[in-house]
Amino acid sequence: MIVAEQKPIEEVLKSIEPFDKILVLGCNTCVAVCMAGGEKEAGILASMIRLAREKAGKLVDVLEKTVERQCDDEFLLAEKELYDKVEAVLSTACGVGVQQLSALLQIPVLPALNTKFMGGTKDHGTWSERCSGCGDCVLELTGGICPVSRCAKTLLNGPCGGSADGKCEVNPDTDCAWQLIIDRMTALERLDKLLEIQPAKNWKTARDGGPRTQTREDVKL
Amino acid sequence: MKSGSHLERLLDKGTFVVTGELGPPKSVNREVIERKVGYLKGMVDAVNITDNQTAIARMSSVAAGVICVQTGLEPIVQMVCRDKNRLALQSDVMGAYALGIRNILCLTGDHQCFGNHPECKNVFDLDAVQFVQMVKTMRDEKKFQSGEEMKMEPRVFIGAAANPFADPFEFRVIRMEKKINAGADFIQTQPVFDLERFERFMELARKRNLHKRAYILAGVMPVKSVRALTYMRDSVPGVIIPEDAVERMGAAADGKEEGKQMCIEMIKKLKDIEGVAGIHIMAVEWEQAIPEIVEKACLLPRPPVEAPPELVETGD
């Protein structure tokens, strides 16, 4: 899923300051799972905004709605009549949702979240980065643990000199991806694979090749 | 002969070499480099010039290396993958060569979070193994990383680093082997404080015949105080400081003298380990300590610097 977290409330309040009528629009997919922008979080945010503006003596009319996915026009267009009633939309979707809606509207669409990474649930309430979308997956070579997203230096040929007690030098709470890879490859009896030199990576398939678009001609309408 | 550098020629002759370390200034002052060269000249055979070490912006290692060449001490110019992509690294390797630099040490680089610009974007287009491979391809195949041909190649002596004290231990030798397979001519290790672990590392290296395929220089570091020693133990990942070293430094009346003495004793022990081809003394911001250490470790006099062999160069 795409993992995001809510921006500090002060920043959100500042961004909606000029408006007297806004829509807080939740997204019920990734950001609902990571408890940042689903129906519940959008509702709490709407209440916080009302309270803060009331306290500031500058009342605001806050509408609330949550759609299934903000990354699809289909769901966004279904709420068309709501957008006409407000001066701005505060989206609790990831950056994708904010842009998707913004492209459809003539009014400002403001982000309520900071979008962080593609990750999975580690424990309840903890999510960890697992993929950076490099466009050329190496997991087959690394025992299913991604050094591109999980090694602070994106190393492809083994751990740097800062790996100690299984932890990354950058953050003692982060596992060293290469320690995990070596442990996993040892368990799989494939450690010899790690002796092979992985050549310089082709970053063209990643963000470095410019913004990416994918088209499937066979499914186009 | 790959590069004809003084370092390469000494190692090829079987001389037990001594290298030092010189950190370029956090300013434009070339006199800082000239002064440090003054401490090191005649005491070491070549000197590493660090590249924005610990992610702190300093004078470029190539520029400082050139000043070193001009001052009469052979540099080993360090380059890290953190700040430069393959374009910039190749460009620097070519530029360094054109300016007289003959030894290059290819490193990954410390993460920027440890330095004075922690908010910067890092590069890491290549890792150190790929960097070594790229320089070797330039030198031996006269090709850029892209495969495109070059007319005149940088004939440099290629170095890489190894840290026997980071984890996982067994993989440390494999990683060194990868660097040697990629084309490293020499290896410099992180400073040894834990001799027992280093001996095990070398034993594994010998089993894989790595000491015959590349020159392994053991790192040492004189430490000024018990505080510096415990700081490294507690705060620098990938460093192992044995308890007896801490106790000894702690009990010493004069930390600096004890630090130098421990370093001298360590060098003498390392010299006897099979497969250790030289010593790399990392006296960070304490270059003045090197002459005494080298002398008392019985490493003087250093062999004279002879004129490099003529390399026939053609192309443009």
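**Close-up views of a predicted two-chain model**

View 1. B:Arg139 is buried, with a relative accessible area of 5%, a value that lies under the 20% limit for a buried residue. B:Asp185 and B:Arg139 meet through their side chains in a salt bridge, at 2.8 Å from N to O, and B:Asp185 is buried as well. Because B:Asp185 belongs to the loop between α6 (169–182) and β6 (186–191) of chain B, whereas B:Arg139 belongs to helix α5 (residues 128–141) of that chain, the pair ties together parts that are 46 residues apart in sequence.

**View 2. The salt-bridge network that includes B:Arg139 and B:Asp140.** B:Asp140 forms a salt bridge with B:Arg139, in which the closest N and O atoms are 2.7 Å apart. Through salt bridges that share partners, B:Lys2, B:Lys136, B:Arg139, B:Asp140 and B:Asp185 are joined into one network.

**View 3. The salt bridge between B:Lys84 and B:Asp92.** In this pair the closest N and O atoms are 2.8 Å apart, and B:Asp92 is partly exposed, with a relative accessible area of 21%. Over all chains, the structure holds 35 salt bridges.

**View 4. Helix α9 of chain B and its buried residues.** Within helix α9 (residues 226–235) of chain B, the residues B:Leu229, B:Thr230 and B:Met232 are buried. Seen down the helix axis, the buried residues of α9(B) fall within an arc of 155 degrees, so they line one face of the helix. The cover over these buried residues includes α10 (243–251) of chain B, whereas B:Arg227, B:Tyr231 and B:Asp234 are exposed on the other side of α9(B).

**View 5. The interface between chain A and chain B.** At this interface, 28 residues of chain A are in contact with 31 residues of chain B, and the area buried between the two chains is about 2300 Å², of which carbon and sulfur atoms give 57%. By class, the side of chain A that touches chain B has 14 nonpolar, nine polar and five charged residues. Across the interface of chain A and chain B the rule finds zero salt bridges, but 19 residue pairs in polar contact are found there, with both residues of each pair at pLDDT 80 or more.

Terms used
Residues numbered from 1 in each chain as written. Chains lettered and ligands numbered in written order. Predicted model: local features only at pLDDT ≥ 70, side-chain atom pairs only at ≥ 80, totals over all residues. Heavy atoms only, no water. Contact = heavy atoms within 4.5 Å. Buried area = accessible area lost by both parts, 1.4 Å probe. Salt bridge = Lys/Arg side-chain N within 4 Å of Asp/Glu carboxyl O. Polar contact = N/O pair within 3.5 Å; in protein donor to acceptor, adjacent residues only side chain to side chain. Nonpolar A, V, L, I, M, F, W, Y, C, P; charged D, E, K, R; others polar. Buried < 20%, exposed > 50% of the residue type's maximum accessible area, 1.4 Å probe, protein only. Helix = DSSP H or I, 4+ residues; strand = E, 2+ residues; numbered from the N terminus. Arc of directions from axis to C-beta.
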